[in-house]
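Please read the following note alongside the sequence and the model.

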Amino acid sequence: MTDRRPTLRAALALCGCGVLLLTGCASPTPASDEPTRVSPESMGTSASASPTASVGVVGADLSGRTIAIDPGHNGGNAKDPEAIASPVPDGRGGTKACNTTGTATDSDYGESEFAWSVAGFLRDDLEAAGASVILSRSGDDGVGPCVDERGTFADDADVLVSIHANGSESTEPKGFHIIVADPGKSRKLEDESTRLAKSLSGSMAAVFTPNKAYGKDAISPRPDLAGLNNASVPAVIVECGEMRNPDEAAVMESEDGRRRYAEAIAAGIGDWF
Ligand SMILES: [Zn+2]
């Protein structure tokens with residue numbers, strides 16, 4: 001859509017998800033955007049389109065588990081800059097902007113749309129393995145939720161995985177990295193989140209490039225991401241790759257690539273359980 005261009009360009013400056021701009025990244029929400037079960041059709045997937053979704057992909061029986069998936073940002077965020085800029089609890093006793101618009105590839109494929117699509121495939125894979133899945137938002141054309149709610153919506157889940165992609169200014173950075181809250185709400189939560197991050201790093205590194213700028217496991221401990229800070233269950237943000245790197249942008253823009261991101265994340269969640 002042509003009207004996405006200014007929005008997504010702005011996102012490059014606003015996205016909090018990266019080496020450069022991370023502060024606005026992990027987001028949250030308005031009460032109207034309660035965690036919702038979403039039809040596969042609305043997420044661009046369908047039962048017939050998920051032949052790879054199986055316990056085999058996840059590698060574990062997740063019956064009885066509830067997994068919270070937070071697809072980063074939202075497609076309508078740029079339409080309501082006032083709401084998106086409104087302060088919300090940052091989980092550290094301060095406040096933070098409700099959300100940001102996210103980043104985009106050079107051809108304006110948006111981070112929120114990417115995250116939404118990966119979340120759909122991931123949900124299919126996890127449900128095929130027996131898990132219950134809740135999502136932080138119900139579509140990709142709304143506003144929010146704010147970052148604090150992107151943590152608290154997972155209160156009754158076993159684990160929270162937030163899906164993002166990074167937007168560095170340079171096109172050279174490449175690879176995924178995984179963010180954990182440091183310090184965590186408790187030592188136990190921090191340890192479990194770190195174990196989850198290592199599990200995901202391992203499963204993703206089997207398919208994708210780890211960004212070693214974040215260390216050998218491509219894990220980035222950060223104190224400033226409100227979604228993680230407000231989570232009461234083990235939680236990570238997966239920055240799947242660099243949207244401005246041409247090679248990774250091509251993968252993210254392809255449905256097959258997004259399905260592979262989802263499968264790698266699903267395998268890492270299965271390993272962690
Ligand atoms: Zn992001």
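How many residues does α4 have, and how far does α4 reach from its first C-alpha to its last?

1. Helix α4 has 18 residues and reaches 26 Å between its first and last C-alpha atoms, close to the 26 Å expected at 1.5 Å a residue, where the expected span is 1.5 Å times one less than the number of residues in the helix. Helices (H or I, at least four residues) and strands (E, at least two) are taken as DSSP runs and numbered from the N terminus.

2. This is a predicted model, in which local features need pLDDT of at least 70 and side-chain atom pairs count only at pLDDT 80 or more, whereas totals for chains, interfaces and linings use all residues. Residues are numbered from 1 along each chain as its sequence is written, and side-chain values use heavy atoms, with hydrogens and water left out.

3. As a whole, the protein has nine helices and eight strands, and buried residues make up 57% of its 273 residues. Buried here means under 20% relative accessible area, exposed means over 50%, and partly exposed lies in between, with a 1.4 Å probe and protein chains only. Among contacts (heavy atoms within 4.5 Å) between residues at least 6 apart in sequence, 83% join residues at least 24 apart.

4. To return to α4, this helix is mostly covered, since 15 of its 18 residues are buried. It is followed by Gly130, whose phi is positive, near 100°.

5. Which residue of helix α9 does Phe114 of α4 pair with? The partner is Tyr261, and because Phe114 lies in α4 and Tyr261 in α9 (residues 255-272), the pair ties together parts that are 147 residues apart in sequence. The ring centres of Phe114 and Tyr261 are 5.5 Å apart and their planes stand at 90°, so the pair is edge-to-face. Rings of Phe, Tyr and Trp (its six-membered ring) pair if their centres lie within 6.5 Å, with planes under 30 degrees apart counted as stacked, over 60 as edge-to-face and the rest as tilted. Both Phe114 and Tyr261 are buried, and together with Phe208 they form one aromatic cluster.

6. The structure holds three aromatic pairs, and one of them joins Trp272 and Phe273, which are edge-to-face at 4.9 Å centre to centre with 65° between the planes. Trp272 is buried, with a relative accessible area of 7%, while Phe273 is partly exposed, with a relative accessible area of 28%.

7. There is one disulfide, a term that requires a pair of cysteine sulfur atoms within 2.5 Å. It is formed by Cys98 and Cys146, whose sulfur atoms are 2.1 Å apart, and both of these cysteines are buried. The torsion about their S-S bond is about -95°, so the disulfide is left-handed. Because Cys98 lies in the loop between β3 (95-97) and α4 (111-128) and Cys146 in the loop between β4 (132-135) and α5 (149-152), the pair ties together parts that are 48 residues apart in sequence.
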